Amino acid sequence: MSMLITGIAELVTCESTTEGAVDEPLHAGLGVLRDAAVVIGGGGEDSAPTVEWVGPAAQAPAADWAIDLEGRSVVPGFVDSHSHLVFAGDRSAEFAARMSGTPYDGGGIAVTVEATRAATDGELRATLQHRVQEMRAQGTTTVEVKSGYGLTVEDEVRALRLAREVTPEVTYLGAHVVPPDRRDPAGRAAYLDLVCGEMLQACAPHARWVDVFCEPASPHAFDGQESRRVLEAGRDAGLELRVHGNQLGEGPGAQLAVELGAASVDHCTYLTDADVEALAGSDTVATLLPGVEFSTRQPYPDARRLLDAGARVAIASDCNPGTCYSSSMPLMIALAVREMGMTPAEALRAATVGGAQALRRTDIGRVAVGLRADLALVDAPSWLHIPYRVGVPVVRALEV
């Protein structure tokens with residue numbers, strides 16, 4: 001069965017070579033078609049729908065059935081390449097404390113670990129599914145989900161197993177923080193052995209990625225040498241690499257990610273000139289998480305500096321219970337435009353193409369023949385309403 005989607009005021013393809021795309025500075029690099037149509041086909045129990053045709057509505061081929069969007073716009077579904085959705089508990093009081101002046105140092109994760117360990121599978125599954133639906137209601141069609149709130153072999157495996165129920169982009173993050181009861185030197189060393197040994201072997205079959213919180217500025221996270229060990233062990237176990245880095249201060253995370261060929265280094269709040277140069281000369285994506293800075297009152301990353309240097313940039317939500325309990329990619333786009341020096345077009349690309357690059361995916365993040373039909377509907381005549389109407393639910397995943 002094929003479906004024709006017509007009545008599209010603006011179709012953002014994120015393909016700069018799209019034939020007939022408007023040539024206007026505000027839409028630079030987005031391949032915007034006006035009065036457009038899309039034909040979608042395929043789909044079923046074993047396959048996702050794909051794009052079969054894209055072009056002017058007046059030239060659209062026939063299809064088995066059609067829907068008319070009546071002058072609304074369509075963009076590629078957002079690719080949220082950094083989230084922590086498998087958790088229980090509540091840390092709203094911690095947020096209130098930060099807003100009252102308490103600094104963030106990464107230690108509040110222990111509160112979530114305790115609550116998550118105590119939750120049942122059913123409780124975790126229900127909240128996970130609810131969060132994914134919340135994301136789809138705001139235009140996200142692909143999401144990466146990390147473990148990291150179990151910190152035991154059994155609980156990390158459980159988090160990954162549940163995450164695999166909602167996405168193939170699953171990340172083993174046993175090296176999120178050192179558990180509170182293991183922060184003496186001997187306990188810390190033993191936990192690192194566990195993360196790189198028994199825990200890794202149990203978790204690797206359930207994950208695609210390995211990640212580490214490389215942050216020497218936090219006593220709860222991991223330094224450069226510890227992070228290197230985690231990443232190399234994960235790579236040896238067949239996992240691809242991601243890094244939390246340079247969030248609380250300058251550190252080795254970004255350059256370690258580039259050296260080891262990680263797909264992405266996430267946060268990038270504090271970067272040296274050497275870090276920016278290394279990222280610009282690599283395929284490692286700098287994934288920026290502006291919701292964290294909004295929620296912690298840290299300085300925002302300088303996206304303009306990265307873009308001008310030629311680095312690949314993505315935007316993600318980092319939806320988590322402590323430092324950004326928001327699943328809204330439209331909010332992240334608006335913050336990127338308002339606070340990080342990005343144009344609206346650059347921010348939209350970072351939330352779509354950039355996210356796909358951060359996950360090393362070529363089948364999402366764009367609207368083109370042969371790619372997944374992951375589309376988001378903008379309830380407005382232009383995609384510009386996404387950052388323009390901050391806090392208003394103008395975009396959602398288009399169910400096809």
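How much accessible surface does the protein chain have, and what share of it belongs to carbon and sulfur atoms? After that, please look closely at V12: in which strand is its place, and with which residues is V12 in contact, leaving aside its neighbours within four places in sequence?

Author: This is a predicted model, in which local features need pLDDT of at least 70 and side-chain atom pairs count only at pLDDT 80 or more, while totals for chains, interfaces and linings use all residues. Residues are numbered from 1 along each chain as its sequence is written, and side-chain values use heavy atoms, with hydrogens and water left out.

The accessible surface of the protein chain is about 15,300 Å², and carbon and sulfur atoms account for 50% of it. Such areas come from the Shrake-Rupley method with a 1.4 Å probe, and for residues only the protein chains shown count as cover. Of the 400 residues, 56% are buried, where buried means under 20% relative accessible area, exposed means over 50%, and partly exposed lies in between (1.4 Å probe, protein chains only).

The protein chain has 15 helices and 15 strands. These are DSSP runs numbered from the N terminus: helices are H or I with at least four residues, strands are E with at least two. The radius of gyration is 21 Å, close to the 21 Å that the globule rule gives for 400 residues, so the protein chain is as compact as a globular protein of that length. That radius is taken over C-alpha atoms, and the globule rule is 2.2 Å times the number of residues to the power 0.38. The C-alpha trace spans about 70 × 45 × 40 Å along its principal axes.

Now the part you asked about. V12 has its place in strand β1, which covers residues 3-12. V12 is buried, with a relative accessible area of 0%. Strand β1 belongs to an open sheet of six strands in the order β3-β2-β1-β4-β14-β15, and the pairing is mixed. Two strands pair if DSSP finds at least two bridges between them. At the edges are β3 (49-56) and β15 (395-397), each of which pairs on one side only. From one strand to the next the twist averages 40 degrees; axes here are lines fitted to C-alpha atoms, for helices over the stretch in contact, and angles run from 0 to 180 degrees between N-to-C directions.

Strand β1 is joined to β2 (residues 32-42) by seven bridges, and the two run antiparallel. In that pairing L4 stands opposite V39 of β2.

Contact means heavy atoms within 4.5 Å. Apart from its neighbours within four places in sequence, V12 is in contact with L30, G31, V32, V74, V75, P76, L348, V367 and W383. G31 is 19 residues from V12 in sequence, yet 5.9 Å from V12 in space, C-alpha to C-alpha. Contacts of this kind can also be counted for the protein chain: among those between residues at least 6 apart in sequence, 71% join residues at least 24 apart.

Beyond residues up to four places away in sequence, L348 touches V12, L30, V75, F78, I333, W383 and I386. A nonpolar core is a set of buried Ala, Val, Leu, Ile, Met, Phe, Trp, Tyr and Cys residues joined through side-chain atoms within 4.5 Å. The largest such core has 94 residues, and Y172, L306, M342 and L348 touch the most other members. Helix α4 (residues 153-163) supplies the largest share of this core, six residues. A second, separate core has 16 residues, among them I8, V38, I40 and A373.
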